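This briefing goes through selected local features of one chain, grouped by topic. Please keep the sequence and the structure in view while reading.

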Amino acid sequence: MRIAAGIFAHQEEQRIAACLRSLPLDRADIVFHVLVNGSTDATASRAREAAAGRANVIVHDLTFGGKSRTWNHFVHDLLAGHEDAVICMDGDARIAEGSINALLSALAGHPQVNAAAGMPMNGRLASHYRRMLREEGGLFGDLYALSGSFVQRIRDRGLHLPQDLIGDDGLVAAWAYTDLQSDAAWSLDRVVACEDAGFFCDPVRLTSPASWRMQYRRLINYSVRFYQNRIVSDIMSRIGPDGLPPRLADLYPLWLERFRPRRGTAWWFDRQALKRMRA
């Protein structure tokens, strides 16, 4: 088999080595692309040290950040083409032993599926999220696999995620469920939840001002994602992936007057998100 793995890492100098140690880097049938994007810390050098000179581990130190932009670069510019499977994961996650084989087996055992979802293995809400993936579907950007034929169709049609999209995994999942059509073609049978594949993430510990600042920015990003999803859902329901713009910000003027902050705990973060979107 020919397999490619994309490991998306932004400012992960503290975690990237553990991430790579959790992977079967000795597998000659997998090319591991460490996609260090927009980082100003030592993520790239730490990744090279952890790779220990393995020829099948390529560290890309990319100037521009943004996971969606980097996902596009990985899929359209870095893949060799005609891979049997493509695995995507985040550089702050540690992968449970045997997960890669489990994802590949899930794809092979279900020829009709476009994607296989890895499961969260730790955290206060892990059991809830696992149940959600089993019953309602979805993908976590921390770990998922795409069939090679599905990725090749994305490449052949020149489909790109909007480069400023927050929440790339949600749109990739929608593409998988709809088989690159509009939402009218949605079928849960096209994505499988892989019970034997999982990932571990370090819990957020708000014990320092830096942690509080990081969580504050994250919650604003979640609010931006909420409003972006309304735009994306409208396009996917009416047109499908071919109607997505290169930048969602180009459509903000058509939508901002319709958006209002939600009530409750999201209100403040929604206000900050809308302020950012107006800018």
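The buried residues of H7 are Asp-168, Asp-169, Leu-171, Val-172, Ala-173, Ala-174, Trp-175, Ala-176, Tyr-177 and Thr-178. The model is a predicted one, and every value given below is computed from that model.

- Helix H7 is mostly covered, in that ten of its eleven residues are buried, and the elements that cover these buried residues include H3, strand E6 (115–120), strand E7 (143–147), H6, E8 and H8.
- Leu-171, which is found in helix H7, has a relative accessible area of 5% and is therefore buried, the cut-off for buried being under 20%.
- When neighbours within four places in sequence are left aside, Leu-171 is in contact with Leu-161, Pro-162, Leu-165, Val-232, Met-236 and Leu-244.
- The C-alpha atom of Leu-171 is separated by 12 Å from that of Lys-67, although these two residues are 104 residues apart along the chain.

**Nonpolar cores**

- The largest nonpolar core has 47 residues, and of these Trp-71, Phe-74, Leu-171 and Trp-175 touch the most other members.
- There is also a second, separate core, which has 40 residues and includes Ile-100, Met-119, Leu-133 and Phe-140.

**Packing of helices H3 and H6**

- Two packed helices are described by the angle between their axes together with the distance between the axes.
- For helix H3 (residues 67–78) and helix H6 (residues 148–157), the packing angle is about 95° and the axes are 10 Å apart, which makes H3 roughly perpendicular to H6.
- On the H3 side the contact is made by Trp-71, Val-75 and His-76, and on the H6 side by Val-151, Ile-154 and Arg-155.
- Sorted by class, the residues in this contact of H3 with H6 are four nonpolar, one polar and one charged.
- The buried residues of H6 are Gly-148, Phe-150, Val-151, Gln-152 and Ile-154, and what covers them includes H3, E4, E7 and H7.

**Positive phi values**

- Asp-179, another residue other than glycine, has a positive phi near 55°, and its place is in the loop between helix H7 (168–178) and strand E8 (191–201), just after H7.
- Asp-179 counts as partly exposed, at 22% relative accessibility.
- Gly-158, which follows H6, also has a positive phi, near 65°.

**Ser-223 in helix H8**

- Ser-223 is found in helix H8 (residues 209–238), where it is buried, with a relative accessible area of 3%.
- The side chain of Ser-223 makes a polar contact with the side chain of Asp-270, at 2.6 Å.
- Apart from neighbours within four places in sequence, Ser-223 is in contact with Arg-262, Ala-266, Phe-269, Asp-270 and Ala-273.

- Not counting residues up to four places away in sequence, Asp-90 touches Ile-7, Phe-8, Cys-19, Lys-67, Gly-141 and Asp-142.
- Asp-90 and Thr-63 are 18 Å apart in space, C-alpha to C-alpha, and 27 residues apart in sequence.
- Arg-278 is found in helix H10 (residues 267–278) and is exposed, with a relative accessible area of 56%.
- The C-alpha atoms of Arg-278 and Leu-188 are separated by 36 Å, and these residues are 90 residues apart along the chain.

Conventions
Residues are numbered from 1 along each chain as its sequence is written. This is a predicted model: local features need pLDDT of at least 70, side-chain atom pairs count only at pLDDT 80 or more; totals for chains, interfaces and linings use all residues. Side-chain values use heavy atoms; hydrogens and water are left out. Helices (H or I, at least four residues) and strands (E, at least two) are DSSP runs, numbered from the N terminus. Buried means under 20% relative accessible area, exposed over 50%, partly exposed in between (1.4 Å probe, protein chains only). A polar contact is a pair of N or O atoms within 3.5 Å; within protein, one must be able to donate a hydrogen and the other to accept it, and residues adjacent in sequence count only if both atoms are side-chain atoms. Contact means heavy atoms within 4.5 Å. Axes are lines fitted to C-alpha atoms, for helices over the stretch in contact, and angles run from 0 to 180 degrees between N-to-C directions. Angles under 35 degrees count as roughly parallel, over 145 as roughly antiparallel, 65 to 115 as roughly perpendicular and the rest as oblique. Ala, Val, Leu, Ile, Met, Phe, Trp, Tyr, Cys and Pro count as nonpolar, Asp, Glu, Lys and Arg as charged, and the others, Gly among them, as polar. A nonpolar core is a set of buried Ala, Val, Leu, Ile, Met, Phe, Trp, Tyr and Cys residues joined through side-chain atoms within 4.5 Å.
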